[in-house]
Amino acid sequence: MSLSRETTTNLRLHIIAIALLGCTSLAQPSSPGLTPLKTSLPKPVFVGTPRVIVAPNLERVTGKLRTAPRVPGGTRNLAAGRPVTGSDPKPFVGRYAMVTDGNKEATGNSFLELAPGPQWIQIDLGKRAVIHGVLLWHYHSEARVYHDVIVHLGNSPDGMETRQPVFNNDHDNSSKLGMGTDKEYIETFEGRFIPVRGHQGRFIRLSSNGNTTDDMNDYVEVEVFGVPVP
Ligand SMILES: [Ca+2]
Ligand SMILES: [Ca+2]
């Protein structure tokens with residue numbers, strides 16, 4: 001399947017919008033008890049004209065920047081500097097620590113690359129927390145789509161049966177972790193914000209299964225926003 005002319009045009013408009021707006025976010029309507037999510041965005045770096053994206057479960061490209069999420073007061077990034085483990089004992093590129101080192105830039109070599117096929121990483125927050133959102137950047141140097149993106153929360157490092165899924169775009173269960181109803185999306189400098197709605201957990205596991213450029217699994221940064229449980 002290839003992108004329609006309308007979708008390709010929308011994607012180009014989106015990139016033009018990125019160039020014009022730089023790293024700013026759109027102003028948000030106020031919501032009682034909620035405050036804008038505190039984070040920073042990396043520099044947008046799409047090089048050249050986007051390729052035609054072939055993805056079977058792709059969301060509609062709107063050409064608009066994301067509405068900045070609003071979260072309960074006191075919410076902060078609990079993943080900063082926290083230890084990361086994963087399914088690939090010897091990553092092709094980078095180190096697991098790069099996932100939570102605060103460097104979100106597309107340029108340079110601050111990204112983790114795991115082997116082809118289904119792979120996962122897991123962040124240990126150190127203690128249980130009420131989670132309000134996960135913000136992740138797989139790789140945003142070019143327009144690409146990662147397959148079978150699944151995010152689970154858990155309270156132990158193992159035991160998938162007790163994990164709470166908060167995002168799953170594996171529409172055909174090709175990663176065998178259960179079928180999901182979320183859509184695939186194009187990576188950009190904004191990353192992907194996944195609202196979590198206050199589930200509790202200590203361990204955040206993120207899975208993927210290659211992407212539209214190659215079969216590798218990459219992570220530039222993951223932020224987990226929440227409030228520690230006293
Ligand atoms: Ca990083
Ligand atoms: Ca799939």
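I took as donors the N, O and S atoms within 2.8 Å of the metal (3.2 Å for Na, K and Ca), and as water is not among the atoms, sites may look incomplete. The model is predicted, so to speak of local features I need pLDDT of at least 70, and side-chain atom pairs count only at pLDDT 80 or more, while totals for chains, interfaces and linings use all residues. Residues are numbered from 1 along each chain as its sequence is written, ligands are numbered from 1 in the order in which they are written, and side-chain values use heavy atoms, without hydrogens and water.

**Calcium sites.** I started with the calcium ion (ligand 2), which D148 (OD), D170 (OD), D172 (OD) and S174 (OG) coordinate at 2.2 to 2.4 Å. Their sequence spacing is D-x21-D-x1-D-x1-S. I call a residue buried under 20% relative accessible area, exposed over 50% and partly exposed in between (1.4 Å probe, protein chains only). D170 is buried at 0%, and D172 is partly exposed at 44%.

For the calcium ion (ligand 1), I found M98 (O), D101 (OD), N103 (O), V220 (O) and E221 (OE) as protein donors, 2.2 to 2.4 Å away. M98 is buried at 12%, whereas D101 is partly exposed at 41%.

**Nonpolar core.** My cores are sets of buried Ala, Val, Leu, Ile, Met, Phe, Trp, Tyr and Cys residues joined through side-chain atoms within 4.5 Å. The largest has 40 residues, and L206 is among those with the most contacts inside it.
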